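Work through the exercises below with the sequence and the structure open. Each task is followed by a solution in steps.

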Amino acid sequence: MRRRQQPPLPKRHGLDPARLRLPEQGDWPTIRDHLVDRLPRVPAARIDELLDAGGIVDLSGPIAADAPYVPGGAVWFHRDLPDETEVPFDIPIVHRDDDLLVVDKPHFLATIPRGQHILQTALVRLRRELDLPDLIPAHRLDRVTAGLVLFVINPARRGAYQTMFHKRTVRKEYEAIAPFDPKLTLPRTVRSRIIKEKQILAAQEVAGEPNAETWIELLEQRDGLGRYRLRPVTGRTHQLRLHMNGLGIPILGDDFYPVLTDKSVHDFTRPLQLLAASLEFTDPISGAPRRFDSARTLQAWADPHGWRSGVNASGA
């Protein structure tokens, strides 16, 4: 396996610098000219500031403002951070050893940096709070979904644990709170074809060969609501939410299905009532069986009044 090239800039806020490879074909006189074309969302004046401050580097060090373009080369720099609202919930640790870290992620906290969520992500917060600069997730959990996320501490073990998720050998179990329909026959296996197009927020179920499968079971019901166990066989985008919605019982707090709503990312009330409740697998290193369980409960079931009033004090 080819070793990952170490960036010539140190981490900042627990984040590696961005790396841009310079195309083999191009007629830009300078690297600065290329960056202005390549990064249209970054003002040219800001690129000049970074160059003047030595904040854009190659393997030889800081790049001068008039440095000639080098086809096939690469440059590194730290992106400017967006303004973020602090996600006011802790990240409880479920398990930690030399190789693995398992946490119980709250709702509203993204797993990894993306878009407008950078510092307020589980990965960056854990790297900084636990002083684990090489921490990397073995899989991801949606920002609005709470529950278990497995991170790899030891860089030498990353491939083994990430491969488990790629090969679907990890048994995942979720809980969800949704309306109760006495006419719906459960348990059942739901299969459908799900597609997710770039730049479109919601995924959709379409005709065609199924590529998504979920086993759904009703655990208990009261006051018109059901508590459900969901076991995904596949891992398509928004799969559990789409399959529950397709049965006519959309998960409470779902702002995508059946109707896309414009909920602010700063609104931490009435979270999606979906919880990654357990992870179970055979450890690829030791061969020992492993199981981890979330300590969270879903608010709409445990505290119906708090849910209805929009009070969310724990991130669950």
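Two strands count as paired if DSSP finds at least two bridges between them. The model used here is a predicted one.

**Exercise 1. Pairing of strand E14**

Task: Find which strands pair with E14, in which sense, and over how many bridges.

Solution: 
1. Begin with strand E8 (residues 146-152), which pairs with E14 in the parallel sense over 2 bridges. Here alanine 146 has leucine 275 of E14 as its bridge partner.
2. Go on to E9, which runs antiparallel to E14 and is joined to it by 6 bridges. Glutamate 173 has serine 278 in E14 as its bridge partner.
3. Then take strand E15 (residues 289-293): its pairing with E14 is antiparallel and has 5 bridges. Serine 278 stands opposite aspartate 293 in E15.

**Exercise 2. The hairpin and the cover of E14**

Task: State how many residues lie between E14 and E15, and which glycine in the turn has a positive phi. Then decide whether E14 is mostly covered or mostly open.

Solution: 
1. E14 and E15 form a hairpin, and 6 residues lie between them.
2. In that turn, glycine 287 has a positive phi of about 80°.
3. For the cover, count the buried residues of E14: 7 of 9 are buried, and the strand is mostly covered.

**Exercise 3. Glycine 306**

Task: Locate glycine 306, and decide whether this residue is buried or exposed.

Solution: 
1. Glycine 306 is part of helix H7 (residues 304-309).
2. The cut-off for buried is under 20% relative accessible area. Glycine 306 has 4% relative accessibility, so it counts as buried.
3. Leaving aside neighbours within four places in sequence, glycine 306 is in contact with Gln299 and Val311.
4. Glycine 306 and histidine 166 are 140 residues apart in sequence, and their C-alpha atoms are 38 Å apart in space.

Terms used
Residues numbered from 1 in each chain as written. Predicted model: local features only at pLDDT ≥ 70, side-chain atom pairs only at ≥ 80, totals over all residues. Heavy atoms only, no water. Buried < 20%, exposed > 50% of the residue type's maximum accessible area, 1.4 Å probe, protein only. Helix = DSSP H or I, 4+ residues; strand = E, 2+ residues; numbered from the N terminus. Contact = heavy atoms within 4.5 Å.
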